[in-house]
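Here are some notes to read beside the structure. They start with the whole chain and then turn to single residues.

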Amino acid sequence: MNWDTLFDMQQKLDDYISKNHQLDGENLLEERFLALLVETGELANETRCFKFWSKKAASTKEVILEEYVDNIHFLLSLGLHKGYTFSTLETTQKAEQKNMTITFNKLFATCMQFYKEQTKEHYIAMFQMYIQLASMLGFSEQDIMEAYYEKNEVNFQRQDEGY
């Protein structure tokens, strides 16, 4: 997957939000990072993978994909904030873990490692974990790209509507 287009699109959205909310020059790293964690929790909630006490099924694949792409928005935004962008990302297509709950727990740990040590290496490791999760969820690169395009458009509309 070529990530340049998504980083470019995210930069335009971040700039638009910054302009609309008079945030130019603000350091929003903490807000972006917390948003990523919250969105990751929302994604886990939609999969229901950890809800051993419930028999209710996971949300539809479309709902889960939309939540997943919310995470991609904040991942890209964090990378842009730190100056950590890339065109391609080395990933293994198959998920190493079969247990999604373990993968989410490892993902949160990887995110916290990045938070503690905000290096490009930790950023890449965090991004790779999200891509591994996409594989577990059954999402292709094409699924991610198309859903990102759609959600990016929605995010611009929301800004125009005073979201």
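Predicted model: local features only at pLDDT ≥ 70, side-chain atom pairs only at ≥ 80, totals over all residues.

1. In the protein chain, 84% of the contacts with a separation of 6 or more are made by residues 24 or more positions apart.

2. Next, the secondary structure. The protein chain has six helices and zero strands. Read from the N terminus, the order is α-α-α-α-α-α.

3. Now the surface. Buried residues make up 42% of the 163 in the protein chain. The accessible surface is about 9200 Å². Carbon and sulfur atoms contribute 50% of that surface.

4. The protein chain carries 16 positive side chains and 26 negative ones. The centres of these two sets are 8 Å apart.

5. The whole structure holds 13 aromatic pairs. One of them joins Tyr68 and Phe139, and this pair is tilted. The ring centres are 5.8 Å apart, with 55° between the planes. The pair links distant parts of the chain, as 71 residues separate its members. Tyr68 sits in helix α3, residues 61–82. Phe139 lies in the loop between α5 (120–137) and α6 (141–160). Are these two residues buried or exposed? Both Tyr68 and Phe139 are buried.

6. Phe86 has a relative accessible area of 9%, so it counts as buried, the cut-off being under 20%. Tyr123 is buried as well, with a relative accessible area of 0%.

7. Then step back to the ring cluster. Which residues do ring pairs link into a cluster? They are Trp3, Phe7, Tyr84, Phe86, Phe114, Tyr123 and Phe127. Phe86 and Tyr123 from the previous point are among them.

8. Stay with helix α5 for His122. Its relative accessible area is 16%. That is under 20%, so His122 is buried. Set aside its neighbours within four places in sequence, and His122 is in contact with Gln113, Phe114 and Glu117. Phe114 also belongs to the ring cluster.

9. Finish in helix α2, residues 29–47, at Leu36. Why does Leu36 count as buried? Its relative accessible area is 0%, and the cut-off is under 20%. With neighbours within four places in sequence left aside, Leu36 is in contact with Asn71, Phe74, Leu75, Leu78, Cys111, Met126 and Tyr130. Take Cys111 from that list. Leu36 and Cys111 are 75 residues apart in sequence. Their C-alpha atoms are 8.8 Å apart in space.

How values were computed. Residues numbered from 1 in each chain as written. Heavy atoms only, no water. Helix = DSSP H or I, 4+ residues; strand = E, 2+ residues; numbered from the N terminus. Buried < 20%, exposed > 50% of the residue type's maximum accessible area, 1.4 Å probe, protein only. Contact = heavy atoms within 4.5 Å. Areas by Shrake-Rupley, 256 points an atom, 1.4 Å probe, with all protein chains shown as cover. Lys, Arg positive; Asp, Glu negative; His and termini not counted. Charge placed at Lys NZ, Arg CZ, Asp CG, Glu CD. Phe/Tyr/Trp six-rings, centres within 6.5 Å; stacked < 30°, edge-to-face > 60°.
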